[in-house]
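Please open the model in your viewer and keep the selection panel at hand. The tour below moves from one selection to the next and says what is found at each stop.

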Amino acid sequence: MTGRFYIATLKWILDRKPQGTPMANMLIAGHSHSYCLGLPSASADAKPEVVPIAEGFDGLIGPWPRTEVYWDELVRFAKAERREVGLSFLGNEHHAHFLIERAPFDFVLSSDPSEQIESGVPVVPETLVRGVFKNHRDELPRILKKLSDGEVNVLVIGTPPPKKNIADLLTTEPFFIKKLESVGLNADSAKLSPASLQLKLWRVIQDLLEEASMTSGATFFPYPTALISDDGFLRPEYSRNDVTHANAAAGEKILQLLRNRTEIVA
């Protein structure tokens, strides 16, 4: 009777555990938007290594830019240790390709056709925009498949929206300074794409992250609404002093949501 009572009590405790509670020591991995979660950056010749980053979380550091060795090590370790993976994948391509306006355009966002179209500019198919984000379309599903084949549970973490004061931050980024200089411009003379277009492009990337997650058996973890202003931009208090990234305060909010795995609300 004692053994049966123990088993019944244990089952009652487990049944009362909130649905969706994450496993301990989730493994954070991926690109630069994982830095706000505590993942350290690394040099080009760094070897993949698992390091503690926060309570309940480890991170996989490794060579930068990311290599096939990095992704293979992620699969190997996550499978061997039965780790759940929180994956931050790219997320800056809307700025890399479209922040500096070369020729004005707009498009109808398929996930929200009610979004306003800029008047007086050419309207292109969304498929053309998606084609520019080919790494999200092709590379992410390939990586997720490797993890899925290894029976690894993956959460694909949404990336932060654009910043409203982005023009003031251009001079903080060597990447964009060089990009401007290559076309004979500087931070003062460059014309940026309209804010409405930047937000739409970001939403395309989030749609691609979600679609890749769904088709690969992963779970999409949208960027928390608590970190986004009413007009869709990253809240200033969660902005790092650069063009694209969120700060450690934003990272802690995301980690807490990952710990609790509750419905994401403001």
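**The aromatic cluster**

Begin by selecting Tyr 70, Trp 71 and Phe 89, which form one aromatic cluster. This is a predicted model, in which local features need pLDDT of at least 70 and side-chain atom pairs count only at pLDDT 80 or more, while totals for chains, interfaces and linings use all residues. Residues are numbered from 1 along each chain as its sequence is written, and side-chain values use heavy atoms, with hydrogens and water left out.

Keep Tyr 70 and Trp 71 in view: their rings make an edge-to-face pair, 5.1 Å centre to centre with 85 degrees between the planes (rings of Phe, Tyr and Trp, the last by its six-membered ring, pair if their centres lie within 6.5 Å; planes under 30 degrees apart count as stacked, over 60 as edge-to-face and the rest as tilted). Tyr 70 has 0% relative accessibility and Trp 71 a relative accessible area of 4%, so both count as buried (under 20% relative accessible area, with exposed over 50% and partly exposed in between, for a 1.4 Å probe and protein chains only).

Next, turn to Trp 71 and Phe 89, whose ring centres are 6.5 Å apart and whose planes meet at 40 degrees, so the pair is tilted.

**Charges over rings**

Then select Lys 200, which lies over the face of Phe 107, at 5.5 Å from the ring centre.

Terms used
Lys NZ or Arg CZ within 6 Å of the ring centre and 35° of its normal.
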